[in-house]
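Open the model in your viewer and keep the selection tool ready. The tour below goes stop by stop.

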Amino acid sequence: MKPKGPIPPYFEAGAAGRLAIGGQDAEAIAAEADTPCFVYDAGIIATRLAALRAAMPAGLGIHYAIKANPFPPLLAWMAGRVDGFDIASGGELRRARAAGMAAARISFAGPGKRARDLEAAIAAGVTLNLESEGEARRALAIGERLGVAPRCAVRINPAFELRGSGMRMGGGAKPFGVDEARVPALLRHLIAAGADYRGLHIYAGSQALDAQAIIDAQRQAVALARRLDEALGAAAPLVNLGGGFGVPYFAGDAALDIGAIGAALAETVAGEAARFAIELGRWIVAEAGVYLTRVVDRKLSHDRLFLVTDGGLHHQLAASGNFGTVVRRNYPIANASRFEAPEAAVATVVGCLCTPLDRLADEVLLPETAEGDLIAVFLAGAYGASASPAAFLGHEPAAERLLGAAPERP
Ligand SMILES: Cc1ncc(COP(=O)(O)O)c(C=O)c1O
């Protein structure tokens, strides 16, 4: 038997002993949406956003990195609740705009921005987080051709890294951002060339669960921004401190202490002239999502029980362990049809793809599970549907549903 990750604290059994999501019976949701499907609970996202606002210093901008979950109804719900969207492509720009987010509140980071995407962003008035001197050159040329001053911030590749992060995106040779030492010259060039200077962006890593590591990285980022302001003789209008806030996916992981981060950040930015923002994806949405898939077959091989589902890694690649993890570990998983039943059998839950990589859970303890039961894979709200190879083997894409997003009455 192998351990599974902790089920987020927002889920409980409904009246029939089945999993409830946003107060609705998982079976009823699956009957309406069909399986496999991703279900996102806006109530959980609202709870997390409120906790984040309460923990962070007043006035700190909270931006949502839409790459984590760009489901259009979720973006439309989110647009009025965060201070900005971070986008990474022309496609995300279109989704952000369709969701109603004002262009002035959108920032565009990411290497390899194509000319047509730069042009669309500049024309719309989106802030570019420039990743290189070459990108700055291209942006300035497009701005000149369009007759607009491009809104430009510079993404810095800092000399420090975010310790303990699942994905390191700063420190040493990286394709992201401009090496710290070359930033002052680039900033001077941008301002002299007539760009609309919007500030600095420092994104050092992702999926960190150690609050102290984030506190240290934020302190270093603020100090770096101060040094750059001094070198330039001009204050950055906005310093985007990045994010990296992780969530507990696996056995032994503990929730990040955002209270400690907020308290330390309040001290770090006290007395600073600049405005600050953080940009988070998974911390805001990961725990709000559940991937529901139905058991199609139940079979034994060499005394090992396999539950074969109608889903798999083509929808939820991350749970199979093939998205950014070195060692495969089990995501939190449950039998949604028998959420309250005692765990009684060790089973390996696989998808319907003919590859041994397609494992949703490896030798986990579950209740006695029958064909037709619904399996819930938690932590599916971030890097799920949009981060999985949906076209692989020609299966249908998973349905997506956002629950609890009805507009509030004034
Ligand atoms: C520039 C940038 N911002 C934000 C994010 C979002 O990270 P997360 O979803 O882990 O918060 C990423 C992730 O790769 C990123 O590269």
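Which residue has a polar backbone atom 2.8 Å from an oxygen atom of the ligand? Select Arg282: its backbone supplies that polar atom, 2.8 Å from the ligand oxygen. Keep in mind throughout that this is a predicted model.

**Stop 1: around the ligand**

In total, 13 residues surround the ligand. The closest are Tyr203, Ser206, Glu279, Gly281 and Tyr383.

Pick Tyr203 next. An N or O atom in the Tyr203 side chain sits 2.8 Å from an oxygen atom of the ligand.

**Stop 2**

Zoom out and colour by domain. Domain 1 covers residues 12-40 and 286-403. Domain 2 covers residues 70-280. Taken over C-alpha atoms, the centres of the two domains are 34 Å apart. Domain 1 gives 13 residues to the contact, and domain 2 gives 9.

**Stop 2: the interface**

How much area do domain 1 and domain 2 bury between them? The value is about 1,100 Å², with 72% of it on carbon and sulfur atoms. The size of an interface is often given as the accessible area lost when the parts come together.

Look for charged pairs across the boundary: the count between domain 1 and domain 2 is 0 salt bridges.

Now select strand β22, residues 399-403. This strand provides 3 residues, the largest share of the side of domain 1 that touches domain 2. By class, that side of domain 1 holds 6 nonpolar, 3 polar and 4 charged residues.

**Stop 3: backbone details**

Most residues other than glycine have a negative phi, and most peptide bonds are trans.

Start with Thr35 and Pro36. The peptide bond from Thr35 to Pro36 is cis, with omega near -5°. Pro36 lies in the loop between α1 (26-33) and β4 (37-41).

Move to Glu363, in strand β20 (residues 359-366). Glu363 is not a glycine, yet its phi is positive, about 50°.

Finish at Leu379. Where does Leu379 lie? Leu379 is in the loop between β21 (374-377) and β22. Its phi is positive too, about 60°, although Leu379 is not a glycine.

Key:
Residues are numbered from 1 along each chain as its sequence is written. This is a predicted model: local features need pLDDT of at least 70, side-chain atom pairs count only at pLDDT 80 or more; totals for chains, interfaces and linings use all residues. Side-chain values use heavy atoms; hydrogens and water are left out. Domain bounds come from an automatic or database domain assignment. Contact means heavy atoms within 4.5 Å. Buried area is the accessible area (1.4 Å probe) that two parts lose on being put together, summed over both. A salt bridge is a side-chain nitrogen of Lys or Arg within 4 Å of a carboxyl oxygen of Asp or Glu. Helices (H or I, at least four residues) and strands (E, at least two) are DSSP runs, numbered from the N terminus. Ala, Val, Leu, Ile, Met, Phe, Trp, Tyr, Cys and Pro count as nonpolar, Asp, Glu, Lys and Arg as charged, and the others, Gly among them, as polar. A residue is near a molecule or strand if one of its heavy atoms lies within 4 Å of it. A polar contact is a pair of N or O atoms within 3.5 Å; within protein, one must be able to donate a hydrogen and the other to accept it, and residues adjacent in sequence count only if both atoms are side-chain atoms.
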